[in-house]
Every structure is written in C-alpha cells, then in structure tokens.
Amino acid sequence: MGVTERRAREKEALRAKILEATSRLLVEEGFESVSIRRIAEKIEYSPATIYLYFKDKAELIDAICEELFAQMVEELGQVGEGETDPVRKLRIGMRAYVDFGISHPNHYMAVFGASMRPMDDPTRDLEDAHTLGMQAFEILRRVIRSCVSQGAIPECNIETAAHATWMCLHGITTLMITTYGGTCPVYPDMTQDDREHLVNATLDLVIAGLRNCALSPMPDGFHK
C-alpha cells in the first residue's frame, strides 16, 4: 500500500470515528449538549481536527443522516434478489431493515430517535439525505405494490400500507435498540432467542395485517 492510499484510508477512518462519536453523543446527551469540543474530547483529538472534516456541527449531523440512508439504500436494494414469492420478499426486506438498524444503533437513533435539530430548521441542508431516504422508502413501496399486483395481499392504498408498515418496523427497531437489547435493556434476562421470537412474531403480525386489511387512502393534504 502506497503512502497516498494509506493516508486516504486513515483520513476516512478518522471521519468515520467522528461520525460514530457524534451519533453516540446525540443519543446519550441530546442535540443541545453536543458541541465540536465535546466530540473532540470523545475521540481524543483537538477541535481543529474535526473542523478539517466538517465546517460545523450542523454539517456533521447532516452527514450522519446522509450516511445512514446511503448504507440503507445499498443494503435494502439487494435484499431478496431471486426470491419469487412477493410476500416472502417483503418479509425478508422487513427483517433486513430491523437488522440494519440494530447493527447501526447509534447512527439509527441519532437520525430517528435522538433529540436533534428540527427537520424544518432553515440552516439544515438535508436535500441529499432526503433523496436517499425517499429511495429507501420507495423500495418498501415497490415490494408492497408487487404483493398487491400479484394478488398476494388485497387491493389497498400503497401509500398508507407503506407508511403503516414503516411505523411498525421503526417501532420494532427502536425497541430492540433501547429496551430489549443494547447495553441497558429493560429486560436484562431476555435471551437472544427471546428477542428473535419477538421480532419474528411482530413481522408475522404485520404480514397478517397486510393480508387481511384493505387500507384506505391517506387523508387529503398529505404530502409524500
């Protein structure tokens, strides 16, 4: 490995370390308590080093959002390839979403669960993250649409079905990170088999709901 390549890898590794430390602090302490100095203390570097990568905290947090959605789109886009049963493909994709969140707990909670700057803050630049997030959501829409078109689930409003399904998936994922798993679970005696059982039972419940409920359209005025 040449000097240039090694330096590039070291730079990327430090950037990832900054993002991970920021995500952890956002979850532990909330947006208002996190500062560039606090992040620098966490990774044992000077604040000046962080400014070489990000101009301010806002850009850093936006990078966390963009990175999470980029990884999610890449991984979910490959899920269920070759699977011909649309419902099985949907279930595989739902499980992949939950597993993705559990395997990236700090990023996931920083984006979806931590106390962060309002999404409508005019100083935020989330265009790229929003585009990637919509790409991830479109994967879910597409698989549900395929289930309907093949008669695997009843005719229903795709938008309602996709949003309701995501709400369930987000709930499972968040609870598995914060309550049923992680470093301080509410149920410390729960085994991995117990967690697997709960995740699978919840996914089965979602699938059963889609198969047995003709969902109506979203109310007028709702914007994607």
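The largest nonpolar core holds 61 residues, among which Ile18, Ile50, Leu60, Met72, Leu90 and Ile144 touch the most other members. Such a core is a set of buried Ala, Val, Leu, Ile, Met, Phe, Trp, Tyr and Cys residues joined through side-chain atoms within 4.5 Å. Two or more residues come from each of helix 1, helix 2 (36–43), helix 4, helix 5 (86–103), helix 6 (105–112), helix 7 (127–149), helix 8 (158–178) and helix 9 (192–212). Helices (H or I, at least four residues) are DSSP runs, numbered from the N terminus.

The model is predicted: local features need pLDDT of at least 70 and side-chain atom pairs count only at pLDDT 80 or more, while totals for chains, interfaces and linings use all residues. Residues are numbered from 1 along each chain as its sequence is written, and side-chain values use heavy atoms, with hydrogens and water left out.

A closer look at individual residues begins with Leu60. Leaving aside residues up to four places away in sequence, Leu60 touches Ile18, Leu19, Thr22, Ile36, Ile39, Ile50 and Phe54; contact means heavy atoms within 4.5 Å.

Leu68 belongs to helix 4 (residues 57–76) and is buried, with a relative accessible area of 1%; buried means under 20% relative accessible area (1.4 Å probe, protein chains only). With residues up to four places away in sequence not counted, Leu68 touches Phe100, His107, Tyr108, Val111 and Phe112.

Ser23, in helix 1 (residues 3–29), counts as buried because its relative accessibility is 0%. Beyond residues up to four places away in sequence, Ser23 touches Ile64, Asn106, His107 and Ala110.

How values were computed
Buried < 20%, exposed > 50% of the residue type's maximum accessible area, 1.4 Å probe, protein only.
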